[in-house]
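Here is a short report on a protein structure. It covers salt bridges, domains, the chain interface and cavities.

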2 protein chains.
Amino acid sequence: MQKFSRNNRIAAITKILLENPNKIMGLNNFTEMFNTAKSTISEDIVVIRDTLSRLDMGRIDTVAGAAGGVKYICGISPEKTKKFAEKLCIILKNRERIIPGNFLYMTDIMFNPNIIHTAGVVLASIFIDMDIDCVVTVETKGIPLAYEVAKMMGVQLVVVRRETKFTEGSTITVNYVSGSTGRIQNMSLSKKALKKGSRCIFIDDFMKAGGTAMGIIDLLKEFESELLGIGFLIDNVGIPKKLVQNYVSIVDFEGINENGNALLTPSKMFS
Amino acid sequence: MQKFSRNNRIAAITKILLENPNKIMGLNNFTEMFNTAKSTISEDIVVIRDTLSRLDMGRIDTVAGAAGGVKYICGISPEKTKKFAEKLCIILKNRERIIPGNFLYMTDIMFNPNIIHTAGVVLASIFIDMDIDCVVTVETKGIPLAYEVAKMMGVQLVVVRRETKFTEGSTITVNYVSGSTGRIQNMSLSKKALKKGSRCIFIDDFMKAGGTAMGIIDLLKEFESELLGIGFLIDNVGIPKKLVQNYVSIVDFEGINENGNALLTPSKMFS
């Protein structure tokens, strides 16, 4: 049996906890791994908890009882969140991002692991203390962000499709009206993808009028499931009439002004 | 200024390195954060490096020079990889996964953060020492896996679309022939999504005949870019004629036998 010092155990336990966000890890995992007493592991965890708390890097919760243990809960300080939102605004203001039709090209942002990891922590921190079973998104651009939120919350990701695929088995399809264009669209979900009575949050890249979110609420009803929270990376506040009211976002987009500059600010809750 | 013990610093530095895989972190980040000497931080990092190496949990590399520092490289032991592949086979063998047309329902697996994180580490470890600029996938099911691989490799994710979208700006579209069905299909990528001369790997959920991989090679040529590696979660080895030869996968799927059992084994490279 190898011998591990407190320093070694702290590095390893930190890694294991971080890689299993919001999952209860029994202390016996660690006592076996390091061949040491539970009281020793508890002291190691006190150090990790104290470090995360002093540096505002999330927290370690203790769960009592037979199935108890400790779990890592992600977190980020208000200052870091604000800085992140400000940095995102600067990146998005680059004039080369404006494409015909006055859209903002942001696909690279949605697929940038560095940015999406932090955005995922910001959104997950908001919903983490709710008792959620899964994170729902609609394909395609919001998938990495919704995946990060699901990972940080320790739950399953559910991706609603625009069309039915025969590799999904039986599906339920709902129609919804795009709030910004008025067009009728479809969204489908495999019957195997979601258990009845699930408590869900919806995560997506860009909030326009909220038609998609309304569609998700309808679709979840078909699964006898509930939508308890909504989060976006960017909210188009230039569209004032929203079909849903309770949602959070990281950055506000007000449109593109007559000089061709995109108007972007950190969302009010972070500024 | 708060005082941090070696234990505190080790917990915090472990977290920061893990959250920035394959990114060089200058030691001055840490000396400023903890108001301590470079030699002290170096000693902290020796402890972390030693721990990861003894537990086969990845490694810490030192990069010399003015822009130098340390970086975390993900890794997983051959035993853990084998156990993971075996566990995946057991999950996939569940008879309820067989859907009409003798497909295996695996969408929930592709969207399960726990499974996909480990699968991402397994695949990233294979390609990590190549000098790669981005990870390419085709929407939709492979996106979380490709995202994890990109994150672990510290590079951008690029998602090829099945249809063009007006929020993507100018796109390049190629036709390709599905190797298993013989049908002609499209794939598109925004001209903004990939720089000329990029070195790429392709990650996807399921390998059939390799038609999609061939399409990716063609598409990358249009961007004067190169495909240097291919990785899948599952390889359908029941289709013996493959259009591409050099690829890796975690699990082999041989089809469904006359008793209605899915034939699944860990890929030869892990068994």
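## A salt bridge between domains

A:Arg59 forms a salt bridge with A:Asp129. Their closest N and O atoms are 3.0 Å apart. This is a predicted model, and the distance of 3.0 Å is computed from it. Side chains of opposite charge can pair when their charged atoms come close.

Chain A is divided into domain 1, residues 6-73, and domain 2, residues 78-270. The count between these two domains of chain A is 1 salt bridge.

## How the two domains of chain A meet

The C-alpha centres of domain 1 and domain 2 of chain A lie 32 Å apart. Domain 1 of chain A brings 7 residues to the contact, and domain 2 of chain A brings 8 residues.

How much area do domain 1 and domain 2 of chain A bury between them? The value is about 580 Å², with 47% of it on carbon and sulfur atoms. On the domain 1 side, A:Pro21, A:Asn22 and A:Arg59 supply 57% of the area buried against domain 2 of chain A. That is more than any other three residues supply. A:Arg59 also holds the salt bridge to A:Asp129.

## Chain A against chain B

The size of an interface is often given as the accessible area lost when the parts come together. Between chain A and chain B, the buried area is about 5,500 Å². Carbon and sulfur atoms give 59% of that area. In chain A, the residues that lose the most area to chain B are A:Lys15, A:Arg54 and A:Tyr147. Together they account for 12% of what the chain A side buries.

The contact takes 61 residues of chain A and 61 residues of chain B. Across this interface the rule finds 2 salt bridges. The side chains of A:Lys151 and B:Glu148 meet in a salt bridge, 2.6 Å from N to O.

## The largest cavity

The structure holds 2 cavities of 30 Å³ or more. The largest cavity has a volume of about 190 Å³. It is lined by 13 residues. Closest to its centre are A:Leu18, A:Glu19, A:Lys151, B:Leu18 and B:Glu19. A:Lys151 is also the partner of B:Glu148 in a salt bridge.

Which helices each supply at least two residues of this lining? They are helix H7 (143-153) of chain A and helix H7 (143-153) of chain B. By class, the lining of the largest cavity has 7 nonpolar, 2 polar and 4 charged residues.

## The second largest cavity

The second largest cavity has a volume of about 60 Å³. Chain A residues in its lining include A:Gln156, A:Leu157, A:Val158 and A:Val159. Chain B residues in the lining include B:Tyr105, B:Thr107, B:Asp108 and B:Phe111.

Strand S6 (156-160) of chain A and helix H5 (107-110) of chain B each supply at least two lining residues. S6 of chain A gives the most, with 4 residues. The lining of the second largest cavity divides into 7 nonpolar, 2 polar and 2 charged residues.

## Salt bridges elsewhere

One case lies within a helix. The side chains of A:Lys82 and A:Glu86 meet in a salt bridge, 3.8 Å from N to O. Both residues, A:Lys82 and A:Glu86, lie in helix H4 (residues 78-93) of chain A. They are 4 residues apart, about one turn of the helix.

Notes. Residues numbered from 1 in each chain as written. Chains lettered and ligands numbered in written order. Predicted model: local features only at pLDDT ≥ 70, side-chain atom pairs only at ≥ 80, totals over all residues. Heavy atoms only, no water. 1 Å grid on protein atoms, 1.4 Å probe; cavity = no way out; pocket = protein on both sides within 12 Å on 5 of 7 lines; lining within 4 Å. Points joined across faces, edges and corners; volume = space filled by probe spheres on them. Nonpolar A, V, L, I, M, F, W, Y, C, P; charged D, E, K, R; others polar. Domains from an automatic or database assignment. Contact = heavy atoms within 4.5 Å. Buried area = accessible area lost by both parts, 1.4 Å probe. Salt bridge = Lys/Arg side-chain N within 4 Å of Asp/Glu carboxyl O.
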